[in-house]
Amino acid sequence: MDMSRIVRTTANVLLPFILIYGFYIVMHGHLTPGGGFQGGAVIATGIVLLFAAYSYTDLKEKVTLGALKNSETLGLLLFIFTALLALTAGFAFFGNWLVNGGAIFGDMVAFGPNPGDLNTGGVIPIMNLAVGIEVLGAMGVIILSMLSGIQEDA
Amino acid sequence: MKNILTYAALLIFAAGMLLCMTGLEFGNPAYTDMDDYMVENGQVLTGGNNIVTDIVFDFRGFDTLGEATVLFTAVLGIGLIFRRLREDEEYGYE
Amino acid sequence: MIQDIILQNSPALLLAVPMLGAFATPLFGRISGTVRNAWVLLVMAATLAISLVLGFEVLTNGTMVYTFGAAAPSLSIPADSGGIPIRIIFTVDAMSVFMAISASIVAFAVTLYSLVSQKMSTGKDGYYALLILMLVGILGMVCTGDIFNFFVFLEINSLAGAALVAYRVDKGLAVEGGLKYAVISTLGGLMVLFSVALLYGQYDTLNIAMIAERMQFTFLDQVALVMLIVALAMKAGAVPMHFWTPDAYSMAPSAVTALLIVASQASLYGVFRVAFTLYGVALNWVTIGWIVIILGVLSMFVGVTMAIPQKDVKRLMAYHAVSQTGYMLLGVGVGLAVLGDPEMMKLFGLTAMEGGIFHIINHAMYKGLLFLTAGAIFYQTGTRNLNKLGGLGHSMKWTMLFFIIGALAIAGIPPFNGFASKLMIYESVFLFNPLLSIIAMVVSVLTLASFVKVFHSIFMGPKLPEYEEVKEVPGPMLAGMGILALLVVLFGIFPQQIVDILIAPAAGALIDQSGYIESVLGGI
Amino acid sequence: MFYNLPFIVAGLIIMVGIVTMVFKRNLVKMIMGLSLVEAGVNLLLVAIGYRAGGIAPIFTNAPDAQMVMPTVQAMTLTNIVIGIATTAMLLSFVMIIYRKYGTADAGKMRKLRG
């Protein structure tokens with residue numbers, strides 16, 4: 001059963017907004033509610049929307065299982081390397097070696113409510129991004145594997 | 001006989017659960033020192049306004065690495081389950 | 001310079017190295033099979049090396065405290081926090097190190113074994129990555145000092161185990177075993193999380209030492225204790241909840257089963273850690289001790305009686321694994337029961353505990369060896385049904401030798417390691433309550449009887465026509481079995497040295513709750 | 001009686017989940033029961049961290065009031081992701097079992113006898 005033209009065009013229109021919104025949640029994790037996992041899940045809904053609109057067979061080439069697996073492994077390796085780098089900077093494992101250091105994401109933050117400055121948080125935004133990519137890849141692979149599982153039956 | 005046993009066990013379990021639920025006082029926990037420390041020092045130590053994300057990625061970051069590994073394990077398991085077997089790859093069980 | 005970075009951060013590296021290895025395995029798998037196998041072996045060897053270094057460090061300088069994310073690893077209490085541990089703290093004492101070393105040894109032998117035994121199957125990337133992740137789960141569970149972290153690693157352990165049990169997908173039987181294992185583990189994990197929530201609601205801390213210090217043993221704490229003991233005993237395969245054990249152990253590939261046993265023993269370690277360290281002084285030891293003893297005796301008896309009529313080799317060995325878990329529970333249960341009065345403790349309680357803990361590593365070795373031999377037989381003949389097998393002794397000399405070593409060790413025959421730990425258990429339990437010791441001996445005799453039957457039906461008898469061309473298993477499988485057999489014999493010949501180096505400090509660390517709290521909270 | 005309502009509701013959800021798991025024969029329904037138990041435990045976790053009149057622990061443009069306990073929410077986040085992982089794996093097991101056995105009924109699939 002194929003989705004009608006209307007559904008496919010709305011999916012095309014909606015997809016960029018879903019991806020931007022998901023990316024916003026991932027990158028603003030340390031300021032607003034959200035973070036790596038929630039943002040990754042939102043982006044994964046974008047993938048589900050694509051598969052709902054277009055049938056599995058003709059999307060198999062474009063959104064391949066391999067690409068999602070790569071993004072998942074990349075996210076995990078980025079996550080564990082940022083944690084391991086803390087060792088070289090003299091901290092314990094998982095130490096926040098970028099915070100208050102003035103470099104990227106290193107601005108100081110005083111106690112108390114403030115409007116929120118993106119350039120703070122030390123290692124947290126990097127880990128947010130890493131987890132976002134990882135969850136995006138993981139959810140994608142789960143969805144594709146289960147769809148391919150149904151595909152063989154049908 | 002088996003049904004009565006399961007019903008009895010479930011009833012005891014339900015009574016114990018409800019008794020448990022009235023044990024804690026909702027709204028004002030007994031100790032709050034660890035969380036107060038995190039709320040006061042979260043911004044200064046980790047630089048993030050969202051204290052929950054500070055905990056998830058900095059104070060208890062190792063849990064999140066474990067959790068990402070859980071997700072990675074699940075994905076590997078599902079990939080293993082739905083893999084394409086070779087024709088001759090069948091396992092005699094008897 | 002590098003050495004002391006590794007030494008100082010060894011608890012973290014003990015987990016970071018295998019995790020990194022597991023994440024990168026699919027990438028190396030894309031290059032080629034041999035590169036990935038080399039990488040997996042390298043990661044397993046590195047983990048074994050780090051666990052030995054950590055073991056040496058902890059056995060010489062006492063409990064090692066490692067704080068994740070702090071400016072310096074040993075900074076477990078931030079200055080201005082009024083004596084409260086904020087971050088995740090690994091408290092690696094002699095007991096954790098003992099479990100970590102035994103897990104790494106078995107994992108290395110299993111990886112060596114499965115290089116050949118899985119050569120013909122597909123999906124090897126996932127297989128090896130999950131094998132490493134199971135080791136990560138075990139090492140995390142035994143080294144952590146934080147109960148929520150214990151729950152997370154329990155979940156990694158369960159999911160990796162369930163996926164590996166369901167590895168042989170074609171007939172669906174293994175998937176059913178995997179489903180049963182996954183449902184039981186998830187339920188156990190949720191019960192653990194429920195008790196973590198109760199403890200957190202009362203004491204607002206997740207650190208084991210902090211909870212032990214603030215413990216007032218209210219009604220909720222008793223409920224949390226029951227939940228924890230039931231969930232972890234279920235995961236360890238103790239009797240009332242052992243229904244998943246025969247299916248999971250017999251359906252999984254033999255290499256995976258050997259590691260599944262170590263995973264169950266990590267849950268057993270969880271039971272001991274909860275009973276001795278988390279609750280420790282607050283408990284009245286006699287009742288908890290007797291509960292653990294009853295669990296042990298039930299496991300011993302039901303395990304062996306269910307094992308006798310089995311036809312499938314691995315199912316039979318699975319039931320024996322359940323009965324051997326009973327020995328560990330009996331030994332440590334007696335130690336727990338007499339923890340109260342020191343002179344009874346000195347008289348036999350300590351030896352009972354040392355016997356129970358020594359039995360953990362012995363069981364991991366010889367039961368792993370037995371499962372690997374069963375796998376070798378399955379690899380050559382393609383069947384596990386005792387009625388169909390026969391006369392393999394002529395062609396599979398080495399596997400027969402390893403089987404004999406494993407069978408005699410499990411039955412507790414002198415020159416092997418099973419005898420050393422069972423003797424300690426018999427002696428001390430006899431002084432505590434003679435009936436228990438007699439039951440233990442009877443079960444041991446039944447175990448010997450059932451393994452003699454198995455040995456006869458597999459290896460003795462004329463050379464059967466359909467197994468004409470059966471020859472010995474290739475090198476790496478023999479090497480994997482050889483490592484375990486060597487250790488079984490070594491531990492059997494020098495039991496006293498092993499007890500003094502590794503087991504006595506472990507038993508001492510488990511009993512010494514105040515020492516545990518003092519090492520984390522800095523003597524407040 | 002109302003001061004502890006969230007805990008009682010969490011307990012009830014856990015009870016409903018366990019009853020579904022025990023009595024339902026169809027595997028998919030059993031997994032639904034498991035997810036219900038998970039949801040109940042999550043609700044209990046979040047309810048434990050509540051402080052009377054507390055606001056979310058986020059300082060961006062936050063009104064000046066006492067904040068709720070954040071650690072519990074981090075634990076709930078972890079448990080939700082673990083819930084996704086376990087439910088996804090259990091469901092793919094059931095899909096394979098359904099394909100191989102032709103039925104998802106727990107009663108009929110007891111091939112692994114005692």
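User: In which helix of chain C is confidence lowest, and in which element is it highest?
Analyst: This is a predicted model, in which local features need a pLDDT of at least 70 and side-chain atom pairs count only at pLDDT 80 or more, while totals for chains, interfaces and linings use all residues. Residues are numbered from 1 along each chain as its sequence is written, and chains are lettered from A and ligands numbered from 1 in the order in which they are written. The pLDDT is the predictor's confidence in each residue, from 0 to 100, and helices (DSSP runs of H or I, at least four residues) and strands (runs of E, at least two) are numbered from the N terminus. On that scale the lowest mean in chain C, 83, belongs to α1 (residues 2-8), and the highest, 94, to α6(C).

User: What is the average pLDDT of chain C?
Analyst: For the complex, the predictor gives an ipTM of 0.93 and a pTM of 0.94. Within chain C, 100% of the residues score at least 70, and the average pLDDT is 88.

User: What percentage of the residues of chain C count as buried?
Analyst: A residue is buried if 20 or more other C-beta atoms, placed from the backbone, lie within 10 Å of its own, exposed if 12 or fewer do, and partly exposed in between. Contacts are pairs of residues whose C-beta atoms lie within 7 Å, and in chain C 80% of those with a separation of 6 or more join residues 24 or more positions apart. By the burial criterion, the share for the 524 residues of chain C is 69%.

User: On which residue is the kink in α14(C) centred?
Analyst: Helix α14 of chain C (residues 342-381) has 40 residues and reaches 55 Å from its first C-alpha to its last, close to the expected 58 Å, that expectation being 1.5 Å times one less than the number of residues. Of these 40 residues, 33 are buried, and the helix is followed by G382(C), whose phi is positive, near 80 degrees. The bend at a residue is the angle between axes fitted to the seven residues ending there and the seven starting there. The kink in α14(C) amounts to about 50 degrees and is centred on F348(C).

User: Is chain A compact or more spread out than a compact globule?
Analyst: Chain A has five helices and zero strands. Its radius of gyration of 19 Å is well over the 15 Å that the globule rule gives for 154 residues. Its C-alpha atoms fill a box of roughly 55 × 30 × 20 Å, and 44% of its residues count as buried. Chain A is therefore, by radius of gyration, more spread out than a compact globule.

User: Which element gives the largest share of the side of chain B that touches chain A?
Analyst: Here 24 residues of chain B are in contact with 34 residues of chain A. Two or more residues each come from α2 (33-46), α3 (51-59) and α4 (61-81) of chain B. The largest share, 10 residues, comes from α4(B).

User: How many nonpolar residues are on the side of chain C that touches chain B?
Analyst: In this interface 48 residues of chain C are in contact with 40 residues of chain B, and the largest share of the chain C side, 10 residues, comes from α6(C). Nonpolar means Ala, Val, Leu, Ile, Met, Phe, Trp, Tyr, Cys and Pro, charged means Asp, Glu, Lys and Arg, and the others, Gly among them, count as polar. Besides 15 polar and six charged residues, the side of chain C that touches chain B has a nonpolar count of 27.

Technical notes: Two residues are in contact if their C-beta atoms, placed from the backbone, lie within 7 Å. The radius of gyration is taken over C-alpha atoms; the globule rule is 2.2 Å times the number of residues to the power 0.38.
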